Amino acid sequence: MTETVSIAQLTNWLNTFRDTVGENKEYLTNLDAEIGDADHGSNMARGTTAAADKLAADNPDTVAALGKAFGMTLVSTVGGASGPLFGTFFLRFGVSAGEVTELDAGALAAALRAGAEGVVARGKAELQDKTMVDVLLPALDELDKQLADGAALSDALAAAADKAETARDATGPLVAKKGRASYLGDRSIGHIDPGSASTAYLFRALADSVA
């Protein structure tokens, strides 16, 4: 049987992401206080709340519309680099998914990959630059590997979320090469990147919503 993810599950994913960011707002802000502007948590909480409210108001009936509504709201409400980057992720996700009401495993993985490619193009970041890319790409590689090996979608997403959390922690020893943190040089070593922490929440929320 082909496994699919419905628009209702995807909406639940985004609502769960909002909830997780809100619950961990102070933690994210504390991470950002070490190497950034000390506003990542508050900015992401405000933006994801506004984006989830937009979904509730619009009740989008396709995955494309879902991604556009959530992404555009993040771009317009989240300050700093996070709004354009997370917003681009969801916009590209929606475009890749298209005017459908559900996605099979391959289409979901492709849409997530398109989102990640949008982030890379927008932020010009590479692996080891100590950004959200350091979580996005390893987690998606793990998802692809699991699906190729025949894992059930829920199991593959859980493995991808585990990988995202490992990758988040691995940003600690890195030297930041992008954004405000890059001004610190070697002093950025020893601090987890706030954007990578938010991105790990995104993958865990997806895994939980599909489980």
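Helix α2 (residues 25–35) has five residues to look at: Leu-28, Thr-29, Leu-31, Asp-32 and Ile-35 are its buried ones, where buried means under 20% relative accessible area, exposed over 50% and partly exposed in between, with a 1.4 Å probe and protein chains only. Because these residues cover an arc of only 155° around the axis, they sit on the same side of α2; the arc is that of the directions from the helix axis to the C-beta atoms. Their cover includes α1, α3 and α9 (194–210).

This is a predicted model, in which local features need pLDDT of at least 70 and side-chain atom pairs count only at pLDDT 80 or more, while totals for chains, interfaces and linings use all residues. Residues are numbered from 1 along each chain as its sequence is written, and side-chain values use heavy atoms, with hydrogens and water left out.

**Reading the helix terms**

- Helices (H or I, at least four residues) and strands (E, at least two) are DSSP runs, numbered from the N terminus.
- Two packed helices are described by the angle between their axes and the distance between the axes.
- Axes are lines fitted to C-alpha atoms, for helices over the stretch in contact, and angles run from 0 to 180 degrees between N-to-C directions.

**α2 against α9**

- The axes of α2 and α9 are 8 Å apart, and the two helices pack at an angle of about 155°.
- That angle is why α2 and α9 are roughly antiparallel to each other (angles under 35 degrees count as roughly parallel, over 145 as roughly antiparallel, 65 to 115 as roughly perpendicular and the rest as oblique).
- On the α2 side, Tyr-27, Leu-28, Leu-31, Asp-32 and Ile-35 meet Pro-194, Ala-197, Ser-198 and Tyr-201 of α9, contact meaning heavy atoms within 4.5 Å.
- By class, this contact of α2 with α9 holds 7 nonpolar, 1 polar and 1 charged residues (Ala, Val, Leu, Ile, Met, Phe, Trp, Tyr, Cys and Pro count as nonpolar, Asp, Glu, Lys and Arg as charged, and the others, Gly among them, as polar).

**α1 against α3**

- Helix α1 (residues 7–23) packs on helix α3 (residues 40–58) at an angle of about 150°, with the axes 9 Å apart.
- This makes α1 roughly antiparallel to α3.
- The crossing of α1 past α3 is left-handed; a crossing is left-handed if the near helix is turned anticlockwise from the far one by less than a right angle, and right-handed if clockwise.
- From α1, the contact uses Leu-14, Asn-15, Phe-17, Arg-18, Val-21 and Gly-22, and from α3 it uses Gly-41, Met-44, Ala-45, Thr-48, Thr-49, Ala-52 and Leu-55.
- The contact of α1 with α3 has 7 nonpolar, 5 polar and 1 charged residues.
- Ala-52, in helix α3, is buried, with a relative accessible area of 3%.
- Beyond its neighbours within four places in sequence, Ala-52 is in contact with Asn-15, Arg-18 and Phe-70.

**α7 against α8**

- α7 and helix α8 (residues 153–170) have axes 8 Å apart and pack at an angle of about 150°.
- α7 and α8 are therefore roughly antiparallel to each other, and α7 passes α8 in a right-handed crossing.
- Residues of α7 that meet α8 include Asp-134, Val-135, Pro-138 and Ala-139, and their partners in α8 include Leu-153, Ala-156 and Leu-157.
- The contact of α7 with α8 divides into 12 nonpolar, 1 polar and 4 charged residues.
- Leu-140 belongs to helix α7 (residues 133–148) and is buried, at a relative accessible area of 1%.

- Thr-73 lies in helix α4 (residues 63–77) and counts as buried at 11% relative accessibility.
- Leaving out neighbours within four places in sequence, Thr-73 is in contact with Ala-50, Ala-51 and Lys-54.
- Val-78 is in the loop between α4 and α5 (82–97), and Val-78 is buried too, with a relative accessible area of 6%.
- Setting aside neighbours within four places in sequence, Val-78 is in contact with Asn-43, Met-44, Arg-46, Gly-47 and Gly-83.
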